[in-house]
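Try each one yourself before reading its solution.

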Amino acid sequence: MSSSPTYHSVPINDISTSPTLQQPIKRGRSMLAAVMLGICIISFVLQTELAQYVQRTTNYHKPYLILYVSHCCYVFMAPIQFIGELIVRYKSPNKNILELIKDTARECKLELEQSLEDLQQVRGQQHVSRFSFCIRTVIYIAALLTIPSYLWYVSVNLTSMANLTAIFNTGCFFAYLFSIMMLGDKLVMSKIAAVFLCIAGVFTMAFWPSPDSNNNNDQVSDGTGDGDDDNNKSYAASIFGIVVAAFAAATYGFYEVYYKKYAAPPRPSVLFANAVTTGIGITTFLLLWIPIPIFHWIGHETFEVPDLRTFTYMLGIASMSVVYNATFMCVIALVNPVFAAVGVMLTVPAVAITDVFVTGIMTPPSTIVGSILILIGFYILNRQVKAES
């Protein structure tokens, strides 16, 4: 991954000046990325199960409003990150808490300024105002993230959660494609094999015919024209949902690579990644409410205040979305978009296993075969990433 300076896990100068220190640093980053990926998978599974539960128990189908609430909650990453920084720096119980807060704030400010300076230098915009550079970058990132996220919520009402989770995670293919186009990543056979194994697992899970679907089709079609019409409408809606989910996966893959190239400094920083997440929340709150009255006016999505129970579930979805997006961007910053995208595909078997415990229904053969293919693909990619680091 040496073809692009923005794709290095650590700055080039650091590698050349202190090679003996790089192996422990890289090993530490790999461990941190693995922990972040684990948190990312858990939060995605919880978010998916909550979204599925809401769709089955309420009639509140307002995808953009749910998205807006979720992304506004990203602003809470700032205090969460700061509390984490305080805990890390809290070594002496006798130290004044106010001094600790001031010192931590000053150190965080210096680290953010250094990361921002490095990012501007990499992008060749050292002479641009730091404030305008930040605003422009965060707005672009927030807008790009909104598109696939909205399409994901739309797809929830059009296809099954199993299909949606599987197809949406084919973003690894698009992340690899855009990495080659935008980051100068090289074509590596092991990566290609890993990506295609994962995609094969996804399509196995999404399109393997199951006995339940055949029985449902038989029940719907009772020999009358109305049954055939309903069956055709259901099939058309499912196909449209698959198309929407695939487009969401493509745009999310582009978002991952765009973030790595234009919003991730050359020296990976969890603090900076979560600062960007906070910026997305602020941008969403201040600007991305605009489509809500527009959608209401044209009748695309009429505004409706949710009841307390539904709003509570929305906050649950939002909290898991915050954790997922924050940890996912940290994984991208610490490793690379392809590893992050393929790693998140582990959510597919994770969701399937969770469904067994939640619903009590045994996992079908398609899910077992597809999950095995995904796990093999992730293992191959993980070995390749270790070989390159």
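Throughout, a residue is buried when its relative accessible area is under 20%, exposed when over 50%, and partly exposed in between. Please keep in mind that the model is predicted.

**Exercise 1. Classify cysteine 108 and cysteine 73 as buried or exposed.**

Solution. Start with cysteine 108: its relative accessibility is 8%, so it counts as buried. Cysteine 73 comes to 12%, and therefore counts as buried too.

**Exercise 2. Find out how many disulfides the model has, and check cysteine 73 by hand.**

Solution. Recall that a disulfide is a covalent bond between the sulfur atoms of two cysteines. The cut-off to apply is a sulfur pair within 2.5 Å. For cysteine 73, the closest cysteine sulfur belongs to cysteine 72, and the distance is 7.0 Å, which is too far for a bond. The total count is 0 disulfides.

**Exercise 3. Describe helix H8: its span, its buried residues and what follows it.**

Solution. H8 runs over residues 171–182, which is 12 residues. From first C-alpha to last it reaches 16 Å, close to the 16 Å expected at 1.5 Å a residue. Next, list the residues of H8 that are buried: Gly171, Cys172, Ala175, Tyr176, Phe178, Ser179 and Met182. Finally, look past the helix: glycine 184 follows H8 and has a positive phi, near 70°.

**Exercise 4. Work out the geometry of the ring pair phenylalanine 178 and phenylalanine 254, and say which helices it links.**

Solution. The model holds 9 aromatic pairs. In this one, the ring centres are 5.2 Å apart and the planes meet at 75°; planes over 60 degrees apart count as edge-to-face, so that is the class here. The pair joins distant parts of the chain, with phenylalanine 178 in H8 and phenylalanine 254 in helix H11 (residues 225–262), 76 residues apart. Now compare accessibility: phenylalanine 178 has a relative accessible area of 18% and is buried, whereas phenylalanine 254, at 28%, is partly exposed.

How values were computed:
Residues numbered from 1 in each chain as written. Predicted model: local features only at pLDDT ≥ 70, side-chain atom pairs only at ≥ 80, totals over all residues. Heavy atoms only, no water. Helix = DSSP H or I, 4+ residues; strand = E, 2+ residues; numbered from the N terminus. Expected span 1.5 Å × (residues − 1). Buried < 20%, exposed > 50% of the residue type's maximum accessible area, 1.4 Å probe, protein only. Phe/Tyr/Trp six-rings, centres within 6.5 Å; stacked < 30°, edge-to-face > 60°.
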